[in-house]
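Open the model in a viewer and keep the selection panel at hand. The stops below each give something to select and say what is there.

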Amino acid sequence: MNESKATTGKRASRGRLLQILGVGFGIAVAIGTTIAAGIVRTPGEIAARLPVAWLFLGVWVIGGLYALLGAFSLSELGAMIPRAGGQYVFARRALGDYAGFVVGWSDWVSCCSSVALIAIVIGEYSGDLLPMLRSHTVATALVMTVVFALLQWRGVRWGSRIQNVTAVFKALGFVGLVVLCFAVGGKTSGDARPALAAPHGFTLLVGLLVSMQAVIYTYDGWDSIVYFLEEVRDPAREVPRAMMGSVLSILGIYLLLNIGLVYVVPMGEIAGNNFALGLAAQKIFGAHGNAVIRSVMIVSLVSGLNGIVLQASRVLFGMSRDGFFSRRGAAVNLGGTPNVALLISTAVMVAFILTGSLTKVLAVSAFFFVANYTLSFTSLFVLRRKEPEAERPYRAWGYPWTTGIALAGSLAFLVGAIAADTRNSLWALVVLAASYPIYRVSKILAGR
């Protein structure tokens, strides 16, 4: 009897994932991981190719619609297969172990490298605000990464609360900036530069394609709830709501930000500026504009850092549980945190920060994140055919057309990426080829 109690206590001490997350967290983590440094740089890149307001704003609407179509499909998959791990789970079930492995490992490495980059940018922005930190960018990045990992170690309740709070402050900061754009924008002085001519013909086509790539990349993160499916209280109801709410919230914030930007800053001045929101802040706040926008961005980036650390540990947890990594990676503490997966992920993030080997990894990751969407949309088609009788609490609205359009958009993005960035796309293909022997070794080490 005592032995039985001891065994039960030992099992309980291992912990498990806790089903305590809901729609609010799903939207918060999506806002946190999506709205980050990309919205600062992307408007200037797009305005340089599409220097007419209606074209400039139009691609943001189209990008949001693409994400919404994708949300219909991923909502069906998420409600159908509520397991932790992200899109890896869908690809493995529909397309087999190797496809799942490629999605999972590329996603995990992308998460770790993204955290490292975000932490470094936080260090740089902090140095701009506080001169005492100016020569300590790497140290600041390390402290930020480790501190948030330790906070999450205490449990998913801590991680989710931090995400909710930082996402609220983040949204309020950007909405406040939009309000001030409209309140003050009409009183700012214009730019002396002449208006740029609208592109036409082949130049317009190329501008639209390249701009859409930038927009889709900036929208990435709207599907963040899929990493936490096993921790959602009622996946059948709350996953679709969180997914749709995330896309619509992000679309609304992005569209309002860009409308406010165009209202305050002439298109000719936005074009080619890699810190366009900072330019708008300067016109509103004058000499204090740089400090204001960088403060907003630090809050924004902190929210993204916390969210992606949460995601990385769930990807490695899911893969470990399925035998693609050490089984110890599937350990969960009493707070509901995959603590071993979090420890290993944090160690990799720290290594990226210390080595500075981010540029190539991030360029290759940009290719893989759309490739992963492509495999997820393909997975929905495959599972509809292979498992027609499976329980589907939510069915993708407009299937197969909405899924087909999202899949076509992803394929077009990949073709455009290969054409526009052939070198890094080739590196991505090399990584893909090299992944197979790594996959075989992982199965051997896991005893499968």
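Select Gly329, which is buried, with a relative accessible area of 0%. This is a predicted model. Gly329 sits in the loop between α13 (289-321) and α14. Show its surroundings: apart from neighbours within four places in sequence, Gly329 is in contact with Leu316, Phe317, Ser320, Val340 and Ala341.

Next, colour α14, residues 339-355, and α7, residues 137-153. How do the two helices run relative to each other, roughly parallel or roughly antiparallel? Their axes come within 10 Å and cross at roughly 175 degrees. An angle over 145 degrees counts as roughly antiparallel, and α7 and α14 are therefore roughly antiparallel to each other. To see the contact, show the side chains on both helices. On α7, select Val138, Ala141, Leu142, Thr145, Val146, Ala149, Gln152 and Trp153. They meet Asn339, Leu342, Leu343, Thr346, Met349, Val350, Ile353 and Leu354 on α14. Sorted by class, this contact has 12 nonpolar residues, 4 polar ones and no charged ones.

His136 is partly exposed, with a relative accessible area of 40%. From His136 to Glu124, the C-alpha distance is 8.5 Å, and the two are 12 residues apart in sequence.

Now select the cysteines. How many disulfides does a search of the whole structure find? The search finds 0. Cys112 is in no disulfide, and the nearest cysteine sulfur, that of Cys111, is 6.8 Å away. The cut-off for a disulfide is a pair of cysteine sulfur atoms within 2.5 Å. Cys112 counts as buried because its relative accessibility is 0%. Cys181, at 3% relative accessibility, counts as buried too.

Move to α5, residues 87-95, where Gln87, Tyr88, Val89, Phe90, Ala91 and Ala94 are buried. Just after α5 comes Gly96, with a positive phi of about 105 degrees. Most residues other than glycine have a negative phi, and most peptide bonds are trans. For a cis bond, go to Tyr399 and Pro400: the peptide bond joining them has an omega of about 5 degrees. Pro400 is in the loop between α15 (359-386) and α16 (401-420).

The next helix to select is α4, residues 53-80, which holds Ser75. Ser75 is buried, with a relative accessible area of 0%. Beyond residues up to four places away in sequence, Ser75 touches Val239, Pro240, Met243, Met244 and Tyr394. Trp54 and Ile259 are 205 residues apart in sequence, while their C-alpha atoms are 9.9 Å apart.

For the following stop, select Ala30 in helix α2, residues 23-34. Ala30 counts as buried, since its relative accessibility is 0%. Its contacts, leaving aside neighbours within four places in sequence, are Ile35, Gly221, Trp222, Ser224, Ser246 and Ile250. If Arg93 is also selected, the C-alpha distance from Ala30 to Arg93 is 24 Å, for a separation of 63 residues in sequence.

End in the largest nonpolar core, which has 139 residues. Which of them touch the most other members? They are Ile39, Trp60, Phe174, Trp222 and Leu305. Trp222 was already on display as a contact of Ala30. Centre the view on Ile39 and show what surrounds it. Not counting residues up to four places away in sequence, Ile39 touches Trp60, Phe174, Thr218, Tyr254, Leu257, Asn258 and Leu277.

Terms used:
Residues are numbered from 1 along each chain as its sequence is written. This is a predicted model: local features need pLDDT of at least 70, side-chain atom pairs count only at pLDDT 80 or more; totals for chains, interfaces and linings use all residues. Side-chain values use heavy atoms; hydrogens and water are left out. Buried means under 20% relative accessible area, exposed over 50%, partly exposed in between (1.4 Å probe, protein chains only). Axes are lines fitted to C-alpha atoms, for helices over the stretch in contact, and angles run from 0 to 180 degrees between N-to-C directions. Helices (H or I, at least four residues) and strands (E, at least two) are DSSP runs, numbered from the N terminus. Angles under 35 degrees count as roughly parallel, over 145 as roughly antiparallel, 65 to 115 as roughly perpendicular and the rest as oblique. Contact means heavy atoms within 4.5 Å. Ala, Val, Leu, Ile, Met, Phe, Trp, Tyr, Cys and Pro count as nonpolar, Asp, Glu, Lys and Arg as charged, and the others, Gly among them, as polar. A nonpolar core is a set of buried Ala, Val, Leu, Ile, Met, Phe, Trp, Tyr and Cys residues joined through side-chain atoms within 4.5 Å.
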